[in-house]
Amino acid sequence: MSGPNGMLYGGDEIGALVFDPGHHSLRVGYAQEDTPKADIPAVIGVGPATHIPDAEEKVPDGNVTQSGTKAGNELRHYIDVTELHVARPGMEVQTYMKDGQVDNWDLFEKMLDYCYAKVIRSPSEHHPALFTEAVWTTRPAREKLAELLFEKYQAPAFFLVKNAVLAAFANGKSTALVVDAGASQTSAVPVIDGYALVSAAVRSPVGGDHLAAQAKAMLGSMHIQMLPIYSIQSKEVIRERERARYTLKTLPAGLTHSWQQYMLKRQYEDFCHCVAQVSESAYDERTAASVPGLHYEFPGGYHQDFGPERFKLTECFFEQSLGAPHLVCAAASSCDADARPALWGSVVACGGVANTPGYLDRLTKELASRAPSSHRLKSHAAPSPAERRFAAWIGGSILASIGSFQQMWISSQEYDEGGKGQLERKCP
Ligand SMILES: Nc1ncnc2c1ncn2[C@@H]1O[C@H](COP(=O)(O)OP(=O)(O)OP(=O)(O)O)[C@@H](O)[C@H]1O
Ligand SMILES: [Mg+2]
């Protein structure tokens with residue numbers, strides 16, 4: 001299918017791009033591919049340029065610095081782990097996300113600039129752009145995004161799709177009750193024939209960030225110190241539970257609180273990914289204690305086995321009023337009675353947290369005890385961790401490459417003629 005200007009949006013001629021912004025990371029890559037090309041932390045380091053040449057140092061053709069830049073005034077943006085994880089004096093860590101949607105547009109533009117220049121390495125005006133959005137995204141935020149893509153980035157075409165719809169597609173379904181356990185929240189969204197029922201969607205703030213905070217509190221109460229990995233010069237091999245012996249690096253002065261907290265959060269996340277597990281049924285100390293422990297070594301060298309704590313940590317995901325089972329029940333019961341059997345028959349779990357071992361089994365078990373007896377419960381999650389975490393991106397990649405979708409894009413010409421009103425009409 002050709003666009004109004006004769007270009008084929010989805011086929012081989014032009015690579016459509018899929019962007020999936022989340023609180024934890026932004027996934028970006030070409031439609032038709034299996035996984036995103038990049039998975040970039042959703043935070044940006046903002047700080048003074050590490051080295052600003054003096055006027056005399058400028059090369060004649062002006063390649064080194066912009067003219068008129070005064071030493072000390074220029075702020076640089078550090079994006080993605082190789083830049084962000086460097087200990088830089090004065091670099092603050094900021095996010096452009098708030099409450100499930102883009103909130104700081106200046107920062108988000110820096111991220112998009114980076115995506116086009118360093119990840120896609122191709123001009124934005126060559127690529128139709130499909131963005132995922134949370135069901136709660138407000139109208140001003142949707143309009144701002146369309147404006148940015150068409151006006152600043154000159155995208156030939158643009159489209160917005162609810163991430164729950166795309167996660168259902170990625171799991172081969174057009175009707176599903178999608179449980180998305182992400183970083184900032186867990187949500188349950190009914191999707192019927194490819195449309196998200198926004199009014200029936202529910203969410204709770206219990207997600208991966210909450211788990212990391214719980215892990216921090218738990219380790220604190222166990223008097224286990226999480227030393228920043230970047231502060232360790234060397235460590236000695238020690239026996240289990242022995243006091244750590246390490247030497248510290250001399251760090252540059254002026255490291256910001258926000259950067260240090262961000263780096264520590266990544267370490268608590270790592271601890272959770274390695275250690276946390278969901279128990280089969282509600283936490284029971286004796287059952288949990290009968291499962292062999294898991295070993296974890298901290299950056300300073302301290303190491304020990306973790307037993308029941310691993311299961312205790314994840315109970316928050318199944319808690320009475322904020323847990324995923326409750327969200328699923330609340331979302332299903334807000335739907336028409338005749339839609340409910342299909343939803344209960346197609347519960348799809350996705351998001352990074354759905355990778356916690358045991359998550360799907362426990363969710364299924366909890367739902368089985370709550371599902372109306374007249375409905376047959378079937379739950380599903382993609383087999384691989386990447387497919388779970390990238391579900392919405394993968395769904396976007398599939399959608400943007402199917403033939404019948406090509407007429408759905410909002411073309412730049414339609415946008416020029418119809419303005420932002422196109423958005424509500426074409427991307428409900
Ligand atoms: N293998 C894993 N096991 C457990 N948790 C994981 C795993 N991989 C990622 N996570 C957690 O999942 C979360 C990220 O999930 P996801 O990528 O779905 O979030 P997001 O879409 O960026 O955020 P949000 O949906 O809140 O906007 C993080 O909190 C991360 O720690
Ligand atoms: Mg998400």
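This is a predicted model: local features need pLDDT of at least 70, side-chain atom pairs count only at pLDDT 80 or more; totals for chains, interfaces and linings use all residues.

Trainee: Into which domains is the protein divided?

Mentor: Domain 1 covers 17-163 + 393-426, domain 2 covers 172-206 + 319-381, and domain 3 covers 208-316. The centres of domain 1 and domain 3, taken over C-alpha atoms, are separated by 33 Å, and the contact takes 10 residues from domain 1 and 12 residues from domain 3.

Trainee: Which elements give two or more residues to the side of domain 1 that touches domain 3?

Mentor: They are strand 4 (43-48) and strand 6 (92-95). Sorted by class, that side of domain 1 has five nonpolar, four polar and one charged residues.

Trainee: How many residues surround ligand 1, and which are the closest?

Mentor: Ligand 1 is surrounded by 21 residues, the closest being Gly22, His24, Gly182, Gly208 and Gly352. Helix 5 (208-221), helix 6 (257-275) and helix 12 (385-389) are the elements that give two or more residues to this shell. By class, the shell around ligand 1 divides into three nonpolar, 15 polar and three charged residues.

Trainee: What describes two packed helices?

Mentor: Two packed helices are described by the angle between their axes and by the distance between those axes. Helix 5 and helix 6, which both contribute to the ligand shell, pack at an angle of about 90° with their axes 9 Å apart, and therefore helix 5 is roughly perpendicular to helix 6. On the helix 5 side, Gly208, Leu211, Ala212, Ala215 and Lys216 meet Lys265, Tyr268, Glu269, Phe271 and Cys272 in helix 6. The residues of this contact comprise six nonpolar, one polar and three charged.

Trainee: At what angle do the axes of helix 4 and helix 13 cross?

Mentor: The axes of helix 4 (residues 163-170) and helix 13 (residues 391-399) cross at roughly 75° and come within 7 Å, so helix 4 is roughly perpendicular to helix 13. Helix 4 makes the contact through Asn163, Leu166, Ala167, Phe169 and Ala170, while helix 13 uses Ala391, Ala392, Ile394, Gly395, Gly396, Ile398 and Leu399. Nine of the residues in this contact are nonpolar and three are polar, with no charged residues.

Trainee: How do helix 9 and helix 11 pack?

Mentor: Helix 9 (residues 324-333) and helix 11 (residues 359-368) pack at an angle of about 50°, their axes lying 9 Å apart, which means that helix 9 is oblique to helix 11. The crossing of helix 9 past helix 11 is right-handed. Ala324, Pro325 and Val328 of helix 9 make the contact with Leu363, Glu366 and Leu367 of helix 11, and these residues divide into five nonpolar, no polar and one charged.

Note on methods: Residues are numbered from 1 along each chain as its sequence is written. Chains are lettered from A and ligands numbered from 1 in the order in which they are written. Domain bounds come from an automatic or database domain assignment. Two residues are in contact if their C-beta atoms, placed from the backbone, lie within 7 Å. Helices (H or I, at least four residues) and strands (E, at least two) are DSSP runs, numbered from the N terminus. Ala, Val, Leu, Ile, Met, Phe, Trp, Tyr, Cys and Pro count as nonpolar, Asp, Glu, Lys and Arg as charged, and the others, Gly among them, as polar. A residue is near a molecule or strand if its C-beta atom, placed from the backbone, lies within 6 Å of it. Axes are lines fitted to C-alpha atoms, for helices over the stretch in contact, and angles run from 0 to 180 degrees between N-to-C directions. Angles under 35 degrees count as roughly parallel, over 145 as roughly antiparallel, 65 to 115 as roughly perpendicular and the rest as oblique. A crossing is left-handed if the near helix is turned anticlockwise from the far one by less than a right angle, and right-handed if clockwise.
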